[in-house]
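Hi,

Here's the structure I said I'd pass along.

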Amino acid sequence: MSVKQDQATLLQKCAAVFAFTLYLWSPICWAATIYTAFRSWWYAVPILTYLVYINGPGLNTITSFNFPTGLKKASIWKVVASYFPVKLHKTAQLSSNDRYVFAMHPHGVLSLHAWCSFCTEACGFTQQFPGIDLHVGTLKWNFKCPLVRELMLALGLIDVSKTTLLKVLKKPGRAVALAVGGAEESLLSRPHTLDLVLKKRQGFIRIALQTGAAVVPVLVFGENDVWHAHQVKEGKLHSIQEAVKRATGFTVPLAHGRGFFYGPVGLLPFREPINVVVGGPLQVEQYNGDMKSTEAEQLVSKYHQEYIQKLQALYDAHKDVFFSDRVSDMRLVK
């Protein structure tokens with residue numbers, strides 16, 4: 001194990017474990033809720049009422065933005081960021097009078113960069129981009145899970161449904177951040193590589209076209225290095241991963257990190273630098289016509305190709321600074 005891995009403080013390690021366990025909150029909270037509800041009717045009635053609320057009227061809270069978001073400024077996020085460390089790099093000015101779609105690449109195993117750079121103030125997003133009200137997109141079932149819902153709202157997250165994205169981007173100065181490659185891209189995660197699922201992903205361009213939002217490419221160098229993932233291309237495990245992905249929109253690659261103390265294998269992420277580079281915006285003119293028309297399809301293809309060119313330029317400008325240990329260049333594999 002490298003000296004750098006061992007130099008992490010106990011506080012940094014605990015913070016990194018905390019960030020990792022965020023992805024376990026859903027099953028833990030569901031298990032705790034069900035267990036508590038079955039203990040007594042005194043618990044079951046209020047729990048059932050709460051579940052009905054968060055799966056019904058409570059979903060409106062996602063876009064009302066009246067939930068307190070003070071958790072974004074909590075000190076623990078800065079400790080998490082210092083563990084790797086995570087750094088946010090601004091390459092262009094963004095006007096607070098415009099709307100934006102931040103397209104993040106790659107997804108990585110767990111998108112740990114997003115917690116530090118965009119979900120919270122660990123990297124000073126609002127200082128670097130004043131006036132931009134950014135909301136990170138996640139799966140809608142996170143807002144239907146007890147207690148996890150409150151965590152998502154406290155961090156200003158939104159679901160990635162078309163309805164929600166269009167509603168959020170109605171107001172100038174707002175932005176959404178999306179992991180474009182999704183669960184499918186997470187299965188391609190390997191250290192020192194940038195294999196992206198982008199060729200067939202045009203939904204974010206459609207959202208930009210309907211709202212007139214500029215598309216901002218975001219390249220995350222090092223996200224694929226903090227876990228050592230193993231690609232499973234066939235067999236039962238691959239079938240299970242694909243089934244989970246189809247059912248939930250989320251899946252977890254077969255991956256490992258380092259041990260908490262000195263073990264070479266464990267669940268603690270490797271301490272590798274993560275550099276989040278925010279590129280310049282691709283301006284998209286709002287289209288108010290039929291999105292199913294031939295004209296709309298041509299516009300989507302046009303802007304999608306222009307975005308790929310802009311992403312490639314961003315990569316070329318920073319690959320030798322933040323990706324010098326690469327084993328292959330960025331590839332659009334799907």
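Before the helices, one bit of background: an axis here is a line fitted to C-alpha atoms, for helices over the stretch in contact, and angles run from 0 to 180 degrees between N-to-C directions. Also, keep in mind that this is a predicted model.

First up, α3 (residues 25–37) and α4 (residues 41–54): their axes come within 8 Å and cross at roughly 140 degrees. That angle makes α3 oblique to α4. Where they meet, α3 brings Trp30, Thr33, Thr36 and Ala37, and α4 answers with Tyr43, Ala44, Ile47 and Leu51. By class, that contact has six nonpolar residues, two polar and no charged.

Then there's α12 (residues 203–211) with α14 (residues 294–322), which pack at about 115 degrees with axes 9 Å apart. The two are therefore roughly perpendicular to each other, and their crossing is right-handed. Phe204, Ile205, Arg206 and Leu209 make the contact from α12, while the α14 side includes Leu299, Val300 and Tyr303.

Finally, have a look at the second largest pocket, with a volume of about 340 Å³. It is lined by 21 residues, and Thr69, Lys72, Asp133, His135 and Gly156 are the closest to its centre. Two or more lining residues come from each of α5 (61–64), α8 (125–128) and β3 (133–138), and β3 gives the most, with three. Nine of the lining residues are nonpolar, eight polar and four charged.

Cheers

Note on methods
Residues numbered from 1 in each chain as written. Predicted model: local features only at pLDDT ≥ 70, side-chain atom pairs only at ≥ 80, totals over all residues. Heavy atoms only, no water. 1 Å grid on protein atoms, 1.4 Å probe; cavity = no way out; pocket = protein on both sides within 12 Å on 5 of 7 lines; lining within 4 Å. Points joined across faces, edges and corners; volume = space filled by probe spheres on them. Helix = DSSP H or I, 4+ residues; strand = E, 2+ residues; numbered from the N terminus. Nonpolar A, V, L, I, M, F, W, Y, C, P; charged D, E, K, R; others polar. Parallel < 35°, antiparallel > 145°, perpendicular 65-115°, else oblique. Contact = heavy atoms within 4.5 Å. Left-handed = near helix turned anticlockwise from the far one by under 90°.
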